[in-house]
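Work through the exercises below with the sequence and the model open beside you, and try each task before reading its solution.

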Amino acid sequence: MKKHTQKILYGLIIVFIFIQLIPVDKSNPKTLAEIQAPSDVKTILKNSCYDCHSNQTSWPWYSYVAPVSFLVSKDVKDGRRHLNFSIWENLSAEKKADKLDEIWEEVEDGEMPMPIYTFMHTKAKLTEAQKSIIKNWTRGGGNSNSMKSHTHEHDED
Ligand code: HEC
């Protein structure tokens, strides 16, 4: 019985070592049409959403260790597919309006940023003040009711 347990343990270690060899996509494609938003909004998005919803992901150390790396890579891939602030300005006005509604829905329900993410990135957790900034921005149609939007962080590509 003891020997059996030991065999299982060695087996697991070998599996762990071998899954490290499976390639994981951790690429950051080009930022082509980054979102234009008031700077307070953008700071929040960068701080709490960009790791999964932009092409500017900072890949944490644990994203290099399988099997966690598989999960992180999948979240980033799915996250970008649903919403990508690096190509936001290419969306039609209609699409932007849809996405803004969804953003507020997710934030209001506390579904975004994903709890598994805020567990590791406690600073990404949204405060009530940050939520209300997101609320005003999404409810205002994503327009910058502040004049800062066009003077800062204007990315040309
Ligand atoms: C850890 C990665 C991660 C972070 C951080 C994150 N998201 Fe997400 N988000 C996802 C994934 C993955 C999905 C895909 C839907 C799903 O599987 O739940 C998603 C889906 C969404 C959707 C739904 C879009 C659609 O078209 O269905 C919205 C809106 C959204 N996220 C907004 C945000 C906002 C706003 C933030 C920051 C406040 C944020 N997310 C932070 C991973 C993340």
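**Exercise 1.** Sort the residues of the shell around the ligand by class, and then find which elements supply them.

*Solution.* In this predicted model, the shell around the ligand divides into nine nonpolar, four polar and five charged residues. As a next step, consider the shell as a whole: 18 residues surround the ligand, and the closest are C49, C52, G79, M112 and Y117. The elements that give two or more residues to this shell are α3 (50-53), α4 (68-82) and α5.

**Exercise 2.** Describe how helix α5 and helix α7 are arranged relative to each other.

*Solution.* Two packed helices are described by the angle between their axes and the distance between the axes. Here, the axes of α5 (residues 93-108) and α7 (residues 128-139) come within 9 Å and cross at roughly 155 degrees. Angles over 145 degrees count as roughly antiparallel, and α5 and α7 are therefore roughly antiparallel to each other. The crossing of α5 and α7 is left-handed. Turning to the residues, L100, D101, I103, W104 and V107 in α5 meet K131, I134, K135, T138 and R139 in α7. By class, this contact has five nonpolar, one polar and four charged residues.

**Exercise 3.** Locate the cis peptide bond that joins A66 and P67, and the one that joins M112 and P113.

*Solution.* Most peptide bonds are trans. The bond between A66 and P67 is cis, with omega about 5 degrees, and P67 lies in the loop between α3 and α4. The bond between M112 and P113 is cis as well, with omega about -5 degrees, and P113 is found in the loop between α5 and α6 (115-120).

Technical notes:
Residues numbered from 1 in each chain as written. Predicted model: local features only at pLDDT ≥ 70, side-chain atom pairs only at ≥ 80, totals over all residues. Axes fitted to C-alpha atoms, helices over the stretch in contact; angles between N-to-C directions. Helix = DSSP H or I, 4+ residues; strand = E, 2+ residues; numbered from the N terminus. Parallel < 35°, antiparallel > 145°, perpendicular 65-115°, else oblique. Left-handed = near helix turned anticlockwise from the far one by under 90°. Contact = placed C-beta atoms within 7 Å. Nonpolar A, V, L, I, M, F, W, Y, C, P; charged D, E, K, R; others polar. Near = placed C-beta within 6 Å.
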